[in-house]
Structure formats: structure tokens, C-alpha cells
Amino acid sequence: MSRKLRAAVAQLGPIHLADSRASVVKRLCALLREAHAGGAKFVVFPELALTTFFPRWWMTDQAEIDRFFEAQMPSPDTQPLFELVRELGIAFYLGYAELTEEAGQTRRFNTSILVERDGRIVGRYRKIHLPGHSEHLPDAPFQHLEKRYFEVGNEGFKVWRAMDAVVGMCICNDRRWPETYRVMGLQGVEIVALGYNTPSHNIHHPEPVHLRMFHHLLSLQANAYQNAAWVLAAAKCGAEDGFHMIGGSAIVAPTGEIAAQAMSEDDEVIAVNLDLQLGDYLRRTVFAFEKHRRIEHYGLITERTGAVTEV
Ligand code: ING
């Protein structure tokens, strides 16, 4: 019997500084209902899906910064989302800024959760590849302060069994690093869910803007194929308070083909019937890891952080 799962990616248009969490949760619930109406059993929302992409702003007052974080999940603001999934019987991935206490320490992570159809949080991922910088760049048109506002994730790249599939999670910049997917691929991941907020403008280099979308799709397609997994990527996009981020939400098959892609830079649902056995032939042949990988030659990947040229 073939294993099929109808899954959706729910892209979000801009969330402005002035937008309340309640107004955003209303949008998320509307997208959930639309996905459910289309038969989806799993919905992927973007990274930091409850607020504007606040790492673009230089802030020094911790209380001001913490206004963008969730101290509990679900919270009163997000509770309607959890009630709706119980009513509709649909699972989801949600990205948000996590504020938590661990061993008497306040910790702050760029986090995603995997919520099953009964509303239980069954998985949590904390972003590991934090891009950008930690100090103020006063001459830049905007900041990218993830290294300042978040700690590096401390729980690794895991997979969970949910919706009768093996599901892994990552967040935004993680999708550019092959190690992200390979660690999950070595755990038999079938679906990689990720959200992203990707500015169109490169503040460090005069890069042609079309390369943002090219590199985004290249990262998804190459790594989906090389790990024989479905990759579901949800953008928060459009101009947030005038600062533009790319759309291009996509569902990529284990063959590396784009099965569906968003057309707008607004709230938009795309969906595909995932054939969870589509990648099986790749895992039996070209990417039969156990047959073809030669780990005795890969040592530098975990022994060395930066490139060293010794010739
Ligand atoms: N955003 C961007 C991303 O990885 C970025 C940052 C863009 C880094 C382009 C390098 C190149 O899509 C987040 N939030 O990681």
C-alpha cells in the first residue's frame, strides 16, 4: 500500500512592527482552514511566523527585544491555533522566537515546533546556523542580528515520527548547509520542514537580486535529491515596513524537482500529495548511504570548522 500524505506550505506575506500577534494568528488560522479544505494533513508555516523579522532592527533594551519572544507555547495568543488543529485534525510546523529558562538561565532560541493532529507538541528544533552579525552596522540599510538575539541551537538535527512519516526540521539559513540535511538523512528523514525569512538585498556585497531566489531553490533541490527526501519550505515575504524579503515557498520532491511553488509574496497555500515512497529507489541505488559512503575519508567535515589550505 503506497504511503501518501497531502501536505501544504502556508506562505505568509509581510508582518509589520505594528501588527499584533492576534492579527497574525488569525491569518495563520485562515491559512490552516484553507489547507484543510484542500485536504492537507500537514501544514508548514514560516520561521518567526508570529512577528516581523525583528533581527533587522538594532535594539539594546532587553525588555524591548523580549517583546518579540514567546515565553510559553502555546500562549494565550497562539492557543486558537492549537484548538483549530484539534478540531480539523491537521498537523503543523511553526517557527517562533523561544524564551525559556533552563537550569536557572534565561535562554533565547530561533525555534520551530512540530505539532501533531491532536495538538501535542511532538518535536522542537532550535536554529543552529545563525547568519548575520552581533554588532551594530550603522551604515547598513538594515541589520541582521540573529547572532545577537539568539543562541546557537543546543538540540541538534533530529527526526520525529509524525503523520506516519519520518519528519525533520530546520530553519532558514540551515537550508544552505548540506550538513543540515545529511545528519537528518542519516536518520532516515522522509520530510524536511523549514521556514525562512530571506532579505532580497545583500548588505555585504552588491549581489544581483535574482541570485537570492536561485540560491534558495538550489539549496532546497540539491539537498532534497542528495538525501532522497521531500523538502517543504515556507517563506515569510514581501515588504515588512519597507524591507523586502523573497517569496518562493516551495515543495520539492526527493527527485529534486519542484512539485509546487508559491506565485505571490502574500499569504498563500500550496499543496502536494507527497508520495513517501518516491525516494525509496534513490535510497536503494545512487544514495544507498550504507553501500556508497566512505566515512573514512570525511574526517575533516567534523574535525575542521574553517577551510585551511596547506598547499
Ligand atoms: N535569513 C537568510 C537566509 O539564510 C541569508 C540570511 C541570506 C544568509 C542570504 C546568507 C545569504 O535565508 C535567515 N533568517 O537565515
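Strand β4 (residues 105-115) and strand β5 (residues 121-126) pair in the antiparallel sense, joined by five bridges. Strands here are DSSP runs of E with at least two residues, helices are runs of H or I with at least four residues, and both are numbered from the N terminus. Two strands count as paired if DSSP finds at least two bridges between them. At one point of this pairing, V115 stands opposite I121 in β5. The two strands form a hairpin with five residues between them. In that turn, G119 has a positive phi of about 90°.

This is a predicted model, in which local features need pLDDT of at least 70, side-chain atom pairs count only at pLDDT 80 or more, and totals for chains, interfaces and linings use all residues. Residues are numbered from 1 along each chain as its sequence is written, and side-chain values use heavy atoms, with hydrogens and water left out.

Q79 lies in helix α3 (residues 79-88). Is Q79 buried, partly exposed or exposed? Q79 counts as partly exposed, because its relative accessibility is 24%. The classes are set by relative accessible area: buried means under 20%, exposed over 50%, and partly exposed in between, using a 1.4 Å probe and protein chains only. Q79 is in contact with P74 and R86, leaving aside neighbours within four places in sequence. Contact means heavy atoms within 4.5 Å.

P74 has a backbone feature of its own. The peptide bond from M73 to P74 is cis, with omega near 0°. P74 is found in the loop between α2 (62-66) and α3.

L48 is not a glycine, yet it has a positive phi of about 45°. L48 is found in the loop between β2 (42-44) and α2. Its relative accessible area is 1%, so L48 is buried. D164 also has a positive phi, of about 60°, although D164 is not a glycine. The place of D164 is in the loop between β6 (159-162) and β7 (165-171). D164 counts as exposed because its relative accessibility is 59%.

Follow the chain past β7. N173 lies in the loop between β7 and α5 (178-185). N173 counts as buried, because its relative accessibility is 15%. N173 is in contact with K127, H129 and P131, leaving aside neighbours within four places in sequence.

Now turn to strand β9 (residues 230-235). Why is β9 largely enclosed by the rest of the structure? Six of the six residues of β9 are buried, so the strand is largely enclosed. In a regular strand the side chains alternate between the two faces of the sheet. Both faces of β9 are covered. W230, L232 and A234 are buried on one side, and V231, A233 and A235 are buried on the other.

Strand β8 (residues 191-196) runs parallel to β9, and six bridges join them. The bridge partner of Y196 in β9 is A235. G195 is also found in β8. At 0% relative accessibility, G195 counts as buried. Which residues does G195 touch, not counting those up to four places away in sequence? G195 touches F45, P46, E47, Y93, C170, I171, C172 and A234. G195 and R182 are 13 residues apart in sequence and 18 Å apart in space, C-alpha to C-alpha.

Finally, the whole chain. There are nine helices and 14 strands in the protein chain. The C-alpha trace spans about 60 × 55 × 45 Å along its principal axes. With 311 residues, a compact globule would have a radius of gyration near 19 Å, and the protein chain has 19 Å, which agrees. That radius is taken over C-alpha atoms, and the globule rule is 2.2 Å times the number of residues to the power 0.38. Buried residues make up 52% of the 311 residues. Among contacts between residues at least 6 apart in sequence, 70% join residues at least 24 apart. The protein chain exposes about 13900 Å², and carbon and sulfur atoms supply 54% of it. Accessible areas come from the Shrake-Rupley method with a 1.4 Å probe; for residues, only the protein chains shown count as cover.
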